[in-house]
Amino acid sequence: TVAGGVSGFANGIGTVARFQNPAGVAVSPGGLTVVVADEFNHRIRLVDLRDQRVTTLAGSSQGFRNGLGATVKFNNPVAVAYFSGGAILVGDKGNSLLRYIDAA
């Protein structure tokens with residue numbers, strides 16, 4: 001287990017972290033970070049593979065809003081992919097959108 005184990009929401013290290021249906025994952029080009037579409041928490045999460053630390057990159061509650069960090073709202077993000085320059089593409093299922101996060 002890299003991270004998680006019990007359903008819910010919590011940032012933290014390893015099994016202290018909580019996800020609620022981690023639906024999509026992608027490994028960064030450098031191989032040190034995994035981005036996770038945490039579907040039912042409506043967040044995009046990062047897992048640092050060096051120490052298994054889970055943090056929230058974007059998202060808060062269900063809905064639609066562009067912005068930064070916790071001001072962003074997703075509606076069931078289910079897919080993620082790394083894009084050129086460190087950006088992340090998100091399949092925002094409930095909003096029927098392909099969203100872009102400038103993570104650089």
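Reader: Is Asn41 buried or exposed?
Author: Happy to start there! This is a predicted model, in which local features need pLDDT of at least 70 and side-chain atom pairs count only at pLDDT 80 or more, while totals for chains, interfaces and linings use all residues. Residues are numbered from 1 along each chain as its sequence is written, and side-chain values use heavy atoms, without hydrogens and water. Buried means under 20% relative accessible area, exposed over 50% and partly exposed in between (1.4 Å probe, protein chains only); because Asn41 has a relative accessible area of 7%, Asn41 is buried.

Reader: Which backbone oxygen does the side chain of Asn41 reach?
Author: Asn41 sits in the loop between strand 3 (33-38) and strand 4 (43-48), strands being DSSP runs of E, at least two residues, numbered from the N terminus. Beyond neighbours within four places in sequence, Asn41 is in contact (heavy atoms within 4.5 Å) with residues including Phe9, Arg18 and Ser60. At 2.9 Å, the side chain of Asn41 reaches the backbone oxygen of Gly8.

Reader: Nice! How many residues make up the largest nonpolar core?
Author: A nonpolar core is a set of buried Ala, Val, Leu, Ile, Met, Phe, Trp, Tyr and Cys residues joined through side-chain atoms within 4.5 Å. Among the members of the largest one are Val35, Ile44, Phe74 and Val90. The total is 11 residues.

Reader: And how many residues are in the second, separate core?
Author: Ala17, Phe19, Val36 and Val47 are among its members. The count for this second core is six residues.

Conventions:
Helix = DSSP H or I, 4+ residues; strand = E, 2+ residues; numbered from the N terminus. Polar contact = N/O pair within 3.5 Å; in protein donor to acceptor, adjacent residues only side chain to side chain.
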